[in-house]
Amino acid sequence: MLSRARKSRIPKVAAAMAVLALALSGCAGGSPAASDGPVTLRFSWWGSDTRHKMTQKLIDAYEAKNPNIKIEGEYGDWSGYWDKLATQVASQDAPDIIQMDAQYLGEYAERGALLELKDVDLSKFDQAAADAGRTEGGQYAVTAGMNALVVLANPALVSASGMSLPDDSSWTWDEYMKTAADITSKSKEGIYGSGAFTGDASFNLWMRQHGKSLFATDGGLGFDEADATKYFEMQAEMRDAKAVPPASVMTEDGSAPLDQQGLATNRFAMGWVWSNQLAALTKASGQALEIHRPPSVEGDASKAEQFYKASQFWSASSRSKHPVETQKFIDFLANSVEAGEIGLADRGIPGNSEVRAAVGPKLTPTDALTAKFIDDIADEVGEAPAVPPAGSSSVSEVLTRYANEVHFSRISPQDAGKKSIEEIKSSLN
């Protein structure tokens, strides 16, 4: 489910980021030029051991074609990555190439820590995928892999309830709620029609379908208290209809690892996740999970305001001594078929459409389904969401917490709308 699909809570980097503004005051301008001699670039990323080995293969492939370029890898796990990066940036020792996350992109770009990637070719990217890395100031990131917010369904649980799912190109929120509630009522105890859909991504999708958004392009909020109240009223309706599990089950499930969540353990007939989690959840559940579009207000997928989300980005330090070579390496990562065939779907489905088509036959069956879905919704995707502004890293936790309070009936939707927006505004100031 969405609240469980998000990464662990962002580490605190406020102190180091406060130093960052001072450290960047001496950044030099001017047009970059390629170096004449050998160049060493530093490249930082987070991920599993599998990703580390695969990324080293990317480095090896690039170095083989560019013998004057040496790339030194710096990697670790998510929990310590951001504290380390903030300290490096504040001390003017940032890596040249940085694996970036949307929750920090606005923060680093706003403070001048990132290089504008003017020389990376994005002509083969879907516009929404290219714009995902663009702030008001420029193109400070390039999508490393694409995701979309989806509903995964367990056909065995749906069938056992005697229900069938509506057409995902035309189902509405009301139909989703009724279907989920009926599955719950017609299934054995402990089986629920849907998992929760809380957090920033589902909130943003719901707001977009109502003509609003989570964030505005100027860095402020794209919704008001009345909008938030309506969203929490929808959460209360789902609670009362028993379309989702009891609050105690939701919160316990929200802190569980992916392979112990409701979809993975065959307790939820439907769940909200990012599309690149199809493979892991299919393996954990032992079921051929199906990928579906989220519902819409109007029952029209072309008006559902679906959006692409970068699983990660490629960014570069504004202090890199080798901006030309740095951008050439990022261009390789983003646009090379060779790089695509090495990375496959580890960081999401490739953003470059030609790379995506080339690697398709080499993907696992579940990753191939994800890639097909990404292509299928290309004409339905709306504009890229605004890049989250500085101070926004806690927003998903805030929205999830108040949604849970509504599900526990500890707070009214009206109070949840008022208090959540106050807390979010405070974090952005």
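**Close-up views of a predicted model**

View 1. A148 is buried, with a relative accessible area of 0%; buried means under 20%, exposed means over 50%, and partly exposed lies in between (1.4 Å probe, protein chains only). Before we go further, please note that this is a predicted model, in which local features need pLDDT of at least 70 and side-chain atom pairs count only at pLDDT 80 or more, while totals for chains, interfaces and linings use all residues. Residues are numbered from 1 along each chain as its sequence is written, and side-chain values use heavy atoms, with hydrogens and water left out. A148 belongs to strand β6 (residues 142-153); helices (H or I, at least four residues) and strands (E, at least two) are DSSP runs, numbered from the N terminus. Which residues does A148 touch, once those up to four places away in sequence are set aside? They are V273, W274, S275, Q306, F307, F373, I374 and I377, where contact means heavy atoms within 4.5 Å.

**View 2. G106 is a buried glycine in helix α5.** You will find G106 in helix α5, which covers residues 102-110. Its relative accessibility is 9%, so G106 counts as buried. Leaving out residues up to four places away in sequence, G106 touches V387, P388 and A390. P257 is 151 residues from G106 along the chain, and the two C-alpha atoms are 28 Å apart.

View 3. Helix α9 spans residues 200-209 and holds S202. With a relative accessibility of 2%, S202 counts as buried. Where does S396 stand relative to S202 in sequence and in space? The two serines are 194 residues apart in sequence and 9.8 Å apart in space, C-alpha to C-alpha.

**View 4. R111 and E107 are joined by a salt bridge.** The side chains of R111 and E107 come together at 3.2 Å, N to O; a salt bridge is a side-chain nitrogen of Lys or Arg within 4 Å of a carboxyl oxygen of Asp or Glu. R111 is partly exposed, at a relative accessible area of 29%, whereas E107 is buried at 12%. A search of the whole structure finds 22 salt bridges.

**View 5. K303 pairs with E298.** In this salt bridge the closest N and O atoms of K303 and E298 are 3.5 Å apart. Are these two residues buried or exposed? K303 counts as partly exposed at 47% relative accessibility, and E298 is exposed, with a relative accessible area of 56%.

**View 6. D375 and R356 form a salt bridge between two helices.** The distance here is 2.9 Å, N to O, between the side chains of D375 and R356. This pair links distant parts of the chain: D375 is in helix α16 (residues 365-376) and R356 is in helix α15 (residues 353-359), 19 residues apart. D375 is partly exposed at 41% relative accessibility, while R356 is buried at 6%.

**View 7. Four acidic residues gather on the surface.** D174, E175, E233 and E237 make up a patch of negative charge. Helices α8 (173-185) and α10 (225-241) are the elements that give two or more residues to this patch. Patches are made of residues with over 30% relative accessible area and no salt bridge, with like charges joined within 9 Å and nonpolar side chains (Val, Leu, Ile, Met, Phe, Trp, Tyr) within 5 Å. One member, E237, is found in helix α10 and is partly exposed, with a relative accessible area of 43%.

View 8. Q92 is not a glycine, yet its phi is positive, at about 60 degrees. Its place is in the loop between α4 (78-90) and β3 (97-100), and at 47% relative accessibility Q92 counts as partly exposed. S409, also a residue other than glycine, has a positive phi near 60 degrees. Look for S409 in the loop between α17 (395-407) and α18 (413-428).

Definitions and conventions: Accessible areas come from the Shrake-Rupley method with a 1.4 Å probe; for residues, only the protein chains shown count as cover. Lys and Arg count as positive and Asp and Glu as negative; His and the chain ends are not counted. The place of a charge is taken as NZ of Lys, CZ of Arg, CG of Asp or CD of Glu.
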